[in-house]
Amino acid sequence: MNADRRIKAPLLPPSRAGSLDLVGGELAWDFTNTTSARGSPARQEHLRGFDTLMQWVEHARIMPPADCAYARAALAGHPRRAQRIFERAVEMRELIWTIGTALAEQRPVAAKLIASLSAAHAANLGHAEIKMRLGSYIWVWDPRRDIAAAILGPVTLSALTLLMEKDLLRTRRCAGQECGWLFFDTTKNNRRRWCEMRVCGNRAKVRAARQRQRLARES
Ligand SMILES: [Zn+2]
């Protein structure tokens, strides 16, 4: 490979889909947080295909490991089907992120976005069963019935439950300059600012310290 080609095709940093911090407070927000540094040139996409999608599904415990193994094996020889599921998942993630960002900025959410989310959820529910687990009934998806619904059903359920039952004012977008992560603020005083203090909070502290040093030098 010559030097030019190396420059044109820089190596992507490895996806962190299987190890991302799950700090969204709700599955739906954790799902939107599979892209880092949204809106900046440093944007990093962690979902890069069906394989990385499944790494996140297993990491976020959307399905037990045995079901994840089934889904992977079932689609191993069907790259086009796997790709379609991946594309649907990313489309759903962007829809939920757009809704969440509007909530975080206290803007009205367009009715057509809510309609798309509820239509997707209705379709997912068509593949779910109600089962008793730990003393109450919950929706359960089995990838043997429908793999896409088993991945996305719990996500659309989380997003709609948030919209219908939670305090919408507690949805936040991280104050980090190059972050874009969403979270549900469960703090008592309702004043959480960062996805993670040790990441975005510290970065902001370092930036503020540098700014102070610069101002001190210039004065
Ligand atoms: Zn952040």
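The model is a predicted one, in which local features need pLDDT of at least 70 and side-chain atom pairs count only at pLDDT 80 or more, while totals for chains, interfaces and linings use all residues. Residues are numbered from 1 along each chain as its sequence is written.

The chain has eight helices and six strands, where helices (H or I, at least four residues) and strands (E, at least two) are DSSP runs numbered from the N terminus. Read from the N terminus on, the elements follow the order α-α-β-β-α-α-α-α-β-β-α-β-β-α. Along the principal axes, the C-alpha atoms fill a box of roughly 70 × 55 × 35 Å. Of the 219 residues, 32% count as buried; a residue is buried if 20 or more other C-beta atoms, placed from the backbone, lie within 10 Å of its own.

The largest nonpolar core has 46 residues, and Leu53, Val57, Ile85 and Ile151 are those with the most contacts inside it. Such a core is a set of buried Ala, Val, Leu, Ile, Met, Phe, Trp, Tyr and Cys residues joined through C-beta atoms within 7 Å. Among the elements that each supply at least two residues of this core are helix H3 (50-59), helix H5 (79-104) and strand S6 (182-184).

Leaving aside neighbours within four places in sequence, Leu53 is in contact with Leu47, Phe86 and Ala89, contact meaning that the C-beta atoms of two residues, placed from the backbone, lie within 7 Å. After H3 comes Arg61, whose phi is positive, near 60°.

Next comes a pair of helices. The axes of H5 and H6 come within 10 Å and cross at roughly 135°, the axes being lines fitted to C-alpha atoms over the stretch in contact, with angles from 0 to 180 degrees between N-to-C directions. H5 and H6 are therefore oblique to each other, a word for angles that are not under 35 degrees (roughly parallel), over 145 (roughly antiparallel) or 65 to 115 (roughly perpendicular). Met92, Leu95, Thr98 and Ile99 of H5 make the contact with Leu113, Ser116, Leu117 and Ala120 of H6.

Strand S3 (residues 128-133) and strand S4 (residues 136-141) run antiparallel and are joined by six bridges. Ala128 stands opposite Trp141 in S4, and between the strands lie two residues, with Leu134 taking a positive phi near 50° in this hairpin.

Key
Two strands pair if DSSP finds at least two bridges between them. A residue is buried if 20 or more other C-beta atoms lie within 10 Å of its own, exposed if 12 or fewer, and partly exposed in between; C-beta atoms are placed from the backbone.
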